[in-house]
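Dear colleague,

I am passing on the structure below, and my notes on two parts of it follow.

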Amino acid sequence: MDHSRVPVLEALEEFRRRGDIAYGPPGHKQGRGTDPRVAEVLGIDVFRSDVLSLNGLDDRRQSQGVLAQAQELMADAVGADQAFFSTCGSSLSVKTAMLSVAGPGEKLLLSRNAHKAVIAAVIINGVEPVWVHPKFDGERHLAHPPEPDDVRRRLREHPDAKGMLLITPTDWGTCADVAGVAEACHAFDVPLIVDEAWGAHLPFHPGLPPWGMYAGADLVVTSVHKMGGAVEQSSVFHLQYDRVAPEVLKQREDLLGTTSASSLVYASLDGWRRQMVEQGHDLLDGAIVRAKRVRELADGLPGLRVMGQEIVDEGLAASFDPLKIVIDVRELGVSGMQAAEWLRANCHIDVGGSDTCRISASITYADDDITEKRLTDALRTLTEHADEMEKLPEVRLPQPGVLELEQAMRPRDAFFATVEHVSAEQAVGRIAAETISPYPPGVPVVAPGEVITAEVVDYLRSGVDHGFLISDAADPTVKTLRVVARD
């Protein structure tokens, strides 16, 4: 296919050339009504490019031909049979993917280290989750993806399961054996969905972890805004084989997706695909070399430990993304959250993630000598001033097995049950009716339907005292919890 073509961008250029005036949405009429004070910050071209797809970039006679062409080019670029653009981020795309494989009351295998969006999908879809617990790393207090044998065992225990959702890479860049998990699923003739939100760049360089489509996954969801070059909320479904019907995926997406799709998202996805096909290998080559330099410098600083190949050598993960710089800061006597806040306040550096133990920074094809130096200088400064930071209450980290809570009710049933609010102490032994996800990183510690334990309450309460943000809990202080009412 001709990857120099960018159908959506070309349609935008033609729209501007014609000088059309639209008498429908958006109401700002391509920036004519935009407040100059807003345009000064956002740029007027953002509004000039905000065009309704139908009767704007496209028309009914073409039946969305512009978008279809762009999606065909994306599929060809990444080795998929078909690709579908989504403008609501992978939080919605994952919900759609799950709904395409399992419906209400049906079973679906799920990695328990999933983001809260997956738990939300379980509640919305009404599926019965069969949790596949990740490989917990006690020393690092980190969850790595489950292994093929874990998936195979759960499929034997639940032969009526409709498929598997695997999260890889994780927020921290550790990766699953996707080919092995795909083989395990296909032996039971069920599809493998891969939530590869952090992996949009993987198809474009052989020095990166295996790309889901190449490794045999049936359906892969990516967030192109994370490691790629599209604007926020840019997501793509990639589909191959016949275990998930394209029309089913499209119909499920229609149930959840917006009817006011953003031309900005479509155009940036289209342009990023062209850039990667034409220049991706060289751009990512440079990013890998740059990340190696940052990694080596950070690893040589006192008090910092950079995670790398050792997790593969120790058998904890199949591979890791070298563009994720994951740095354990505990030897500095601070938490990752403290380090992140200090870097923002004192060095104007915003790291990509943090938790009780570590911080992470993503190096992408967009980094340059300036961003590299800013990051390494900031890390050096952090080590020099860590002892000046306030000593906060310690987070009482639970042992890995403590986080494997008993699932006593289906999440949807628990979420919509009659509930009551009880003190944290009284919640021990009760069934949760809410999702409790400490931010960072946003992986639920408690999901609806799970039995709350004393160790988990202790972990959450100590985390709040230290600085956890728990925005999805009814009581963000976790002094009280929302539980299923007793009969």
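**A helix pair and a sheet**

Helix α5 (residues 89–101) and helix α6 (residues 116–125) have axes that come within 9 Å and cross at roughly 45°, where axes are lines fitted to C-alpha atoms, for helices over the stretch in contact, and angles run from 0 to 180 degrees between N-to-C directions. Helices (H or I, at least four residues) and strands (E, at least two) are DSSP runs, numbered from the N terminus.

This is a predicted model, in which local features need pLDDT of at least 70 and side-chain atom pairs count only at pLDDT 80 or more, while totals for chains, interfaces and linings use all residues. Residues are numbered from 1 along each chain as its sequence is written, and side-chain values use heavy atoms, with hydrogens and water left out.

In the contact (heavy atoms within 4.5 Å), Ser91, Val94, Lys95, Met98 and Leu99 of α5 meet Ala117, Val118, Ala120, Ala121, Val122, Ile124 and Asn125 of α6. These residues divide into 9 nonpolar, 2 polar and 1 charged, with Ala, Val, Leu, Ile, Met, Phe, Trp, Tyr, Cys and Pro counted as nonpolar, Asp, Glu, Lys and Arg as charged, and the others, Gly among them, as polar.

There is also an open sheet of 7 strands with mixed pairing, in the order β1-β10-β9-β8-β6-β2-β3; two strands pair if DSSP finds at least two bridges between them. Because β1 (82–86) and β3 (128–132) stand at the edges with a single partner strand each, one side of each is left without a neighbour in the sheet. Within the sheet, β6 (residues 164–167) and β8 (residues 192–195) run parallel and are joined by 4 bridges, and methionine 164 has leucine 192 in β8 as its bridge partner.

Best regards
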